[in-house]
Protein chains: 2
Amino acid sequence: MQTHIVHAHPEPQSYNAALTRTAAQALRARGGTVTVTDLYRDGFDPVEAPRHYHDRADPDRFAALAEQRHAWTTGTLPGAVRAEIANLEHADLVILQFPLWWHGPPAILKGWMDRVFVSGGLYTSRMRYDAGYFRGRRALVSLSTGAPAEAFGPGCRGGDLGTMLWPVHYSMHYMGFSVLPPFTSHGVQGHGYSYEDAQAAEDRLTRNFATWRRRLTALDGDIPLDFPGWSDWTAEGRPIAKGEDALAAP
Amino acid sequence: MQTHIVHAHPEPQSYNAALTRTAAQALRARGGTVTVTDLYRDGFDPVEAPRHYHDRADPDRFAALAEQRHAWTTGTLPGAVRAEIANLEHADLVILQFPLWWHGPPAILKGWMDRVFVSGGLYTSRMRYDAGYFRGRRALVSLSTGAPAEAFGPGCRGGDLGTMLWPVHYSMHYMGFSVLPPFTSHGVQGHGYSYEDAQAAEDRLTRNFATWRRRLTALDGDIPLDFPGWSDWTAEGRPIAKGEDALAAP
């Protein structure tokens with residue numbers, strides 16, 4: 001099994017960095033190969049912008065998707081994007097590792113999606129969702145939060161992680177990935193748990209590495225998250241009512 | 001009324017840019033003042049990173065929130081962040097204008113939140129949600145989508161906009177804003193509506209400017225989105241069960 005980890009944390013000594021190292025070690029120990037893209041270390045530019053396109057489809061007016069399609073066709077995609085596409089094409093499993101910032105991934109990872117999921121190349125109006133480019137591959141979000149687990153859930157102060165991660169998960173589903181349930185490491189930023197002293201926190205976070213290793217050795221038992229696909233929609237993209245025919249899968 | 005528009009689109013001739021100009025004109029015509037931050041034009045760097053902090057709390061290990069708190073206290077926040085905080089402090093209404101990319105705002109706007117919503121300065125563990133720094137102010141998301149309106153909704157191919165926008169909306173709520181229902185301009189990217197010819201699309205998008213102007217002149221009739229606040233949670237941040245006492249508001 002080949003795994004590609006996309007790592008999005010600015011500090012090499014961070015807990016997120018340790019989770020990425022833990023995953024790479026655990027997966028290699030099982031005989032798999034692992035590639036890691038450290039977006040901060042690589043200075044990845046997350047801003048989709050004219051500056052990345054040197055052979056423009058329309059030099060006067062920048063439309064991101066049109067330029068992506070043109071660059072794919074003409075072989076003029078930016079080097080960082082080409083490198084990431086190659087990493088994804090080799091991977092059976094993609095792990096996105098990040099700290100939860102403002103109810104989602106840090107900008108550097110959001111922009112990885114904005115730039116790397118190339119229109120016309122990795123998806124089209126028909127090559128997406130369960131007919132997506134990466135169908136048959138798996139994706140897994142591993143995130144850290146500052147607040148304790150107790151603060152998350154529907155109506156909770158921290159909000160519901162399922163809702164919060166929906167944009168990331170559905171984007172991976174759009175690309176064809178089977179999306180596994182996320183791995184969440186709570187109470188990492190030092191807000192901590194109010195009933196917990198420093199030693200207890202350290203012990204908990206140390207134990208969490210073993211939990212992460214165990215999770216990674218048992219992924220085949222995971223049931224992917226349930227998202228709708230082509231057989232669930234009408235031609236207009238609405239849920240099929242009872243007795244209605246699905247659009248034939250593309 | 002003072003309005004601050006945060007504009008996140010790479011192309012000055014885009015429909016998003018026209019929406020921002022329309023909003024600025026409509027609000028000024030009513031006697032309001034308007035500031036606009038054009039993140040792309042300004043070359044805003046959305047990556048929260050050590051390079052922005054020259055007087056570090058911990059030079060050896062970068063923790064974003066700790067450095068934000070330190071920079072706030074010592075008056076060493078980056079200039080772009082200070083400027084945006086000033087714009088927000090003057091505004092009664094904040095409009096976020098962006099195209100929907102991968103089920104959320106472009107990275108440049110996500111990173112605006114990562115960097116500008118400064119820990120310790122604009123929020124603390126108690127100064128947030130309905131006790132947030134910007135309480136009494138309003139926020140409004142105006143987004144464009146490529147797909148037609150029909151493709152959006154629960155279970156629909158495009159997904160549910162309420163879910164998709166939750167991370168942005170709840171982040172604004174976290175900062176204390178009353179979040180108004182979003183203004184959505186569908187079918188902008190040229191995917192268009194399959195039953196619509198080019199002229200019909202242009203007419204529809206032209207009419208949409210008038211809808212946007214009307215919306216902006218009638219904001220006082222808007223009912224803000226409903227998010228939970230301090231009176232809804234226990235001390236641990238869980239929804240209060242019947243008969244249970246709320247945590248006293250901070």
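Helices (H or I, at least four residues) and strands (E, at least two) are taken here as DSSP runs, numbered from the N terminus. The model is predicted. This briefing covers the packing of helix 1 against helix 6 in chain A, then two residues that have a positive phi without being glycine, Trp102(A) and Tyr129(A).

**Helix 1 and helix 6**

- In chain A, helix 1 spans residues 15-29 and helix 6 spans residues 198-217; their axes lie 9 Å apart, at an angle of about 35°.
- The crossing of helix 1 with helix 6 in chain A is right-handed.
- On the helix 1 side of chain A, the contact is made by Tyr15(A), Ala18(A), Leu19(A), Thr22(A), Ala23(A), Ala26(A) and Leu27(A).
- Helix 6 of chain A meets these with Leu205(A), Asn208(A), Phe209(A), Trp212(A), Arg213(A) and Leu216(A).
- Sorted by class, the residues of this contact are 10 nonpolar, 2 polar and 1 charged.

**Trp102(A)**

- Trp102(A) is not a glycine, yet has a positive phi of about 50°.
- In chain A, the loop that holds Trp102(A) runs between strand 3 (93-99) and helix 4 (107-116).
- Trp102(A) counts as buried because its relative accessibility is 12%, and the cut-off for buried is under 20%.

**Tyr129(A)**

- Tyr129(A), also not a glycine, has a positive phi of about 55°.
- The loop between helix 4 and strand 4 (138-144) of chain A contains Tyr129(A).
- With a relative accessible area of 2%, Tyr129(A) is buried.

Notes:
Residues are numbered from 1 along each chain as its sequence is written. Chains are lettered from A and ligands numbered from 1 in the order in which they are written. This is a predicted model: local features need pLDDT of at least 70, side-chain atom pairs count only at pLDDT 80 or more; totals for chains, interfaces and linings use all residues. Side-chain values use heavy atoms; hydrogens and water are left out. Axes are lines fitted to C-alpha atoms, for helices over the stretch in contact, and angles run from 0 to 180 degrees between N-to-C directions. A crossing is left-handed if the near helix is turned anticlockwise from the far one by less than a right angle, and right-handed if clockwise. Contact means heavy atoms within 4.5 Å. Ala, Val, Leu, Ile, Met, Phe, Trp, Tyr, Cys and Pro count as nonpolar, Asp, Glu, Lys and Arg as charged, and the others, Gly among them, as polar. Buried means under 20% relative accessible area, exposed over 50%, partly exposed in between (1.4 Å probe, protein chains only).
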